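Dear colleague,

I am handing over the structure below, and after it you will find my notes on what turned up. Please read them with the coordinates open beside you.

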Amino acid sequence: MEYHRITSIEDPLFLSMHNLMQEVFPAEEVLEYSLWKEPLEDPGIRVFVAVHEGDAVGATEYRYYEDFNVAMTDFTIIGKPGLGIGRFLMKNREKDLLALAAANQKELFGMFAEIYDPYRVQDLEFGGVKPMNPYVRREVLAHMGYKKINFPYVHPSWNNDGEAVEGLDLCFMPMDDNVDELPAELVVNFLRRYYAVLPNKPGAWESMVAGLEQRKKVELLPL
């Protein structure tokens, strides 16, 4: 399997990846095809596909914030079972992020991720691909070391229509297992940076961030 970076919507494998996204994610979670042009050309956004027999069978997008020394996993897609795609993507992503942190003369502090709560959102099929089942994904991510950040979470719809999307938790995987809380300021700064691309933020999101700004620390809880 090949770990291939996509930097242009003209890459033939991008169409394959975008089709995968549409198969497994709800519509409000998928950026429209043409709107990917600038993100893919942004050197700070890293989009890779797992290529098997010439086809994209998995994908992951992530980014590293040098000033925060944290990463964000935007998504991970496993398109087919039985190929070891999940571990392949995880290990290659980790290797890449550790190298980026080392180039920044730091050891990576950890990684954010939005994770569906299957106990609140039960009607998502994710294309019928069993490894993408929210119960399976949540358990796998818990084993990887992700923890729930303890506050009620909503995020702006990627349709940029001002709607609040619920049913997810904002989580964090500290590289040090002993870390059990985060500075609230880090979470606030990260969210404002991450969602700066969406101008139409819902009132519920603004209220959520304002609440975080009143706190000093936020707990990390088991998934």
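R192 is partly exposed, since its relative accessible area is 36%, and E206, also listed at 36% relative accessibility, likewise counts as partly exposed. The side chains of R192 and E206 meet in a salt bridge, with 3.8 Å from N to O; this pair links distant parts of the chain, as R192 lies in helix α5 (residues 184-194) and E206 in helix α6 (residues 203-213), 14 residues apart. Please keep in mind that the model is a predicted one.

A search of the whole structure finds 10 salt bridges, and among them is the one between D96 and R46, whose closest N and O atoms are 2.6 Å apart. D96 belongs to helix α3 (residues 85-103) and R46 to strand β2 (residues 45-52), so that the pair joins distant parts of the chain, 50 residues apart. D96 is buried because its relative accessible area is 15%, and R46 is buried because its relative accessibility is 14%, the cut-off for buried being under 20%.

Helix α3 also holds E94 and K91, which are three residues apart and therefore separated by about one helical turn; their side chains meet in a salt bridge of 3.3 Å, N to O. E94, at 32% relative accessibility, counts as partly exposed, as does K91, with a relative accessible area of 37%.

Finally, S16 is found in helix α1 (residues 12-24) and counts as buried because its relative accessibility is 16%. Leaving aside residues up to four places away in sequence, S16 touches D55 and A56.

Best regards

How values were computed. Residues numbered from 1 in each chain as written. Predicted model: local features only at pLDDT ≥ 70, side-chain atom pairs only at ≥ 80, totals over all residues. Heavy atoms only, no water. Helix = DSSP H or I, 4+ residues; strand = E, 2+ residues; numbered from the N terminus. Buried < 20%, exposed > 50% of the residue type's maximum accessible area, 1.4 Å probe, protein only. Contact = heavy atoms within 4.5 Å. Salt bridge = Lys/Arg side-chain N within 4 Å of Asp/Glu carboxyl O.
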